[in-house]
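Good morning, and thank you for the time on today's agenda.

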Amino acid sequence: MKFPFNDWLRRGITDFIYASASPIARHGILRPWLGEGIIFCYHRIQPRQSARYPFSDSWLSVNPAVFKTHLDELQTLFDVISVEEAISRLISQKREEQRPFYCITFDDGYRDNLEHALPILESLGAPATIFVTTWKNLPTPAVYRSWPELNSFTPPDASLFLTDSDVRQLSRHPLITIGAHTNSHYPLSSLSDRNAKLEITFPKEYLEQLTGLPVRHFSYPHGSSGTFGAREITYLAEAGYASAVAAIPSVLTKNSNVYALPRTLVLPHVTGKRIVVLASGMSNILGRSF
Ligand SMILES: [Zn+2]
């Protein structure tokens with residue numbers, strides 16, 4: 001849904017929503033439309049804008065100072081909770097008197113999550129989930145050769161990503177949950193049954209062995225509605241995951257499917273004011289241009 005508002009009108013309405021976000025967010029009667037909360041999807045938190053990685057630097061990177069303004073702005077209006085707690089709140093049948101919530105998630109497992117994001121999370125006591133792509137060769141060469149979709153697999157620049165040691169260190173941090181984001185980052189719907197299942201089970205087993213902790217949450221690579229379906233949800237449940245997040249922007253409600261949780265991508269230009277409007281759930285009603 002998209003309204004043909006002029007920029008000035010959109011700005012005016014954004015200002016109005018921002019100014020009224022507190023009563024909007026607190027008004028329980030609006031929850032069926034505004035939802036119980038929202039999950040934000042970040043990728044990189046880093047200050048650089050280089051030509052070396054034009055896509056990830058310009059589209060997937062939020063400046064640390066901007067990231068901090070997001071958390072600062074949201075702090076007075078919303079609870080910031082883990083994905084685990086969000087699921088507990090969703091499946092709880094009692095009518096919540098709590099404030100609406102938001103969750104912070106990071107996809108892919110970039111090293112700057114540790115360098116730049118973690119200190120900001122620590123300063124505000126904000127929990128976050130990092131969905132790690134394991135980027136390993138498959139367990140055995142025989143399996144690798146039998147996986148035709150991976151013949152064109154090109155490992156990314158390893159220096160951009162968390163090392164195993166980093167992941168182990170982060171997993172022990174009380175604010176951080178490690179989740180899985182497949183091994184090779186293929187859209188799961190493009191894979192054979194066997195390989196889709198392997199992309200779901202392998203990173204779980206690998207990360208559990210690495211960290212000594214259960215890996216209960218999963219993030220679909222690419223994550224739009226065409227990249228996963230009933231097959232993937234069945235495999236996730238069989239593998240023992242408790243939830244999966246997509247990249248379909250919306251709010252979470254008591255009716256949300258825990259294996260297809262909506263999630264809102266935060267782009268670099270999103271200001272502190274706009275993140276409040278997003279978290280309020282009003283963009284769910286007014287359309288994505290808000
Ligand atoms: Zn990803």
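Before the first helix pair, one definition is needed: an axis here is a line fitted to C-alpha atoms, for helices over the stretch in contact, and the angle between two axes runs from 0 to 180 degrees between N-to-C directions. Please bear in mind throughout that this is a predicted model.

By way of overview, the protein chain has 13 helices and 10 strands. Of its 290 residues, 41% count as buried. Among contacts between residues at least 6 apart in sequence, 72% join residues at least 24 apart.

Let me begin with the helices. Helix α5, residues 64-75, packs against helix α7, residues 112-124, at an angle of about 25 degrees, and their axes are 10 Å apart. Since angles under 35 degrees count as roughly parallel, α5 is therefore roughly parallel to α7. The crossing of α5 past α7 is right-handed. On the α5 side, the contact is made by Pro64, Phe67, Lys68, Leu71 and Gln75, and on the α7 side by His116, Ala117, Ile120 and Leu124.

Helix α9, residues 164-171, and helix α10, residues 193-211, pack at about 70 degrees, with 9 Å between their axes. The range from 65 to 115 degrees counts as roughly perpendicular, so α9 is roughly perpendicular to α10. Here α9 contributes Asp164, Val167, Arg168 and Ser171, while α10 contributes Leu207, Leu210 and Thr211. The contact of α9 with α10 divides into three nonpolar, two polar and two charged residues.

I turn now to the strands, and to β1 in particular. How many of the six residues of β1 are buried? The strand spans residues 37-42, and six of its six residues are buried. Both of its faces are covered, with Gly37, Ile39 and Cys41 buried on one side and Ile38, Phe40 and Tyr42 buried on the other.

Which strands does β1 pair with? One is β5, residues 101-108, which pairs with β1 in the parallel sense over six bridges. Within that pairing, Ile38 stands opposite Tyr102 of β5. Another is β10, residues 264-265, which runs parallel to β1 and is joined to it by two bridges. There, Cys41 stands opposite Leu265 of β10.

Finally, two points of backbone geometry. As background, most residues other than glycine have a negative phi. Asp108, although not a glycine, has a positive phi of about 90 degrees. This residue lies in strand β5, the strand that pairs with β1. Is Asp108 buried or exposed? Asp108 counts as buried, because 23 C-beta neighbours lie inside 10 Å and the cut-off for a buried residue is 20 or more.

The other case is His185, a residue other than glycine whose phi is also positive, near 65 degrees. His185 is found in the loop between β7, residues 176-180, and α10, the helix that packs against α9. With 16 C-beta neighbours inside 10 Å, His185 counts as partly exposed, because that class lies between 12 or fewer for exposed and 20 or more for buried.

Thank you for your attention; I am happy to take questions.

Definitions and conventions. Residues numbered from 1 in each chain as written. Predicted model: local features only at pLDDT ≥ 70, side-chain atom pairs only at ≥ 80, totals over all residues. Helix = DSSP H or I, 4+ residues; strand = E, 2+ residues; numbered from the N terminus. Parallel < 35°, antiparallel > 145°, perpendicular 65-115°, else oblique. Left-handed = near helix turned anticlockwise from the far one by under 90°. Contact = placed C-beta atoms within 7 Å. Nonpolar A, V, L, I, M, F, W, Y, C, P; charged D, E, K, R; others polar. Pairing = 2+ DSSP bridges.
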